[in-house]
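Q: Can we go through this one together, starting with the charged pairs and then moving on to the packing?

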Amino acid sequence: MMKQIPSEKLSIAWFKLADCISRGEKERALGVYRLLSHSLDDNALVAQLQGDIFMCFDDKKNAIEQYTVAADLYEINGKLVHSVAMYEQLLILCPKTELFQNTLERLYRKLEQRS
């Protein structure tokens, strides 16, 4: 459940996160992220955001790990389009990973069945 935090404090946190990233301050950005993540009620979005932060700092290994977590959580939560987007990002990062290719194909078939 999301904690009730005034929107102005959330806006400041997002600004601070962007500022830390633009200054190249990885540890501070991750610290702000940890605080900000407590205000989000979507674990998949939290994992995706952490992956995005890692990508900003060229930490491909940790980004891939977090994007995989996000993709799996999106699928579990029935957000197939979001899961597909994460696996497409993973394939851009690791184009020859058969697991990502197979999972993406499976998700596309699931999406077709829903339409």
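Q: Is Asp42 buried or exposed?
A: Asp42 counts as buried, at 15% relative accessibility, where buried means under 20% relative accessible area, exposed means over 50%, and partly exposed is what lies in between (1.4 Å probe, protein chains only). Please keep in mind that this is a predicted model, in which local features need pLDDT of at least 70 and side-chain atom pairs count only at pLDDT 80 or more, while totals for chains, interfaces and linings use all residues. Residues are numbered from 1 along each chain as its sequence is written, and side-chain values use heavy atoms, with hydrogens and water left out.

Q: OK, and what does Asp42 form a salt bridge with?
A: Its partner is Lys79, with the closest N and O atoms 2.9 Å apart; a salt bridge here is a side-chain nitrogen of Lys or Arg within 4 Å of a carboxyl oxygen of Asp or Glu. The pair links distant parts of the chain, since Asp42 sits in the loop between H2 and H3 and Lys79 in the loop between H4 and H5, 37 residues apart. Helices are DSSP runs (H or I, at least four residues), as strands are (E, at least two), and they are numbered from the N terminus. Lys79, at 33% relative accessibility, counts as partly exposed.

Q: How many salt bridges are there by that rule?
A: The count comes to six salt bridges.

Q: Which residue does Lys26 pair with?
A: Lys26 forms a salt bridge with Asp59, and the closest N and O atoms are again given as 2.9 Å apart. This pair also connects distant parts of the chain, with Lys26 in helix H2 (residues 26–37) and Asp59 in the loop between H3 and H4, 33 residues apart. Asp59 is buried, with a relative accessible area of 13%, whereas Lys26 is partly exposed at 25% relative accessibility.

Q: What about Asp58, what is its phi?
A: Phi of Asp58 is near 55°, which is a positive value in a residue other than glycine. Asp58 belongs to the loop between helix H3 (43–56) and helix H4 (60–76), and it is exposed, with a relative accessible area of 70%.

Q: Which residues are linked in a network of salt bridges?
A: Glu75, Arg106 and Lys110 make up such a network. Within it, Arg106 forms a salt bridge with Glu75, the closest N and O atoms being 2.6 Å apart, and this pair links distant parts of the chain, from helix H6 to helix H4, 31 residues apart. Arg106 counts as partly exposed at 33% relative accessibility, while Glu75 is buried, with a relative accessible area of 15%.

Q: What else does Glu75 touch?
A: Leaving out residues up to four places away in sequence, Glu75 touches Leu80, Ser83, Arg106, Leu107 and Lys110, with contact meaning heavy atoms within 4.5 Å.

Q: Switching to packing, at what angle do H5 and H6 pack?
A: Helix H5 (residues 80–93) and helix H6 (residues 98–114) pack at an angle of about 155°, with their axes 10 Å apart, and that makes H5 roughly antiparallel to H6. Axes are lines fitted to C-alpha atoms, for helices over the stretch in contact, and angles run from 0 to 180 degrees between N-to-C directions; those under 35 degrees count as roughly parallel, over 145 as roughly antiparallel, 65 to 115 as roughly perpendicular and the rest as oblique.

Q: And which residues make that contact?
A: From H5 the contributors include Leu80, Ser83, Tyr87 and Leu91, and from H6 they include Phe100, Leu104, Leu107 and Lys110. The residues of the contact divide into 11 nonpolar, three polar and three charged, where Ala, Val, Leu, Ile, Met, Phe, Trp, Tyr, Cys and Pro count as nonpolar, Asp, Glu, Lys and Arg as charged, and the others, Gly among them, as polar.

Q: How do H2 and H3 pack, then?
A: H2 and H3 pack at an angle of about 170°, with their axes 11 Å apart, which makes H2 roughly antiparallel to H3. The contact is made by Lys26, Ala29, Leu30, Tyr33, Leu36 and Ser37 of H2, together with Val46, Leu49, Gln50, Ile53 and Phe54 of H3, and these residues divide into eight nonpolar, two polar and one charged.

Q: Last one, where does Leu45 lie?
A: Leu45 lies in helix H3 and is partly exposed, with a relative accessible area of 34%. The C-alpha atoms of Leu45 and Ala70 are separated by 6.7 Å, although the two residues are 25 residues apart along the chain.
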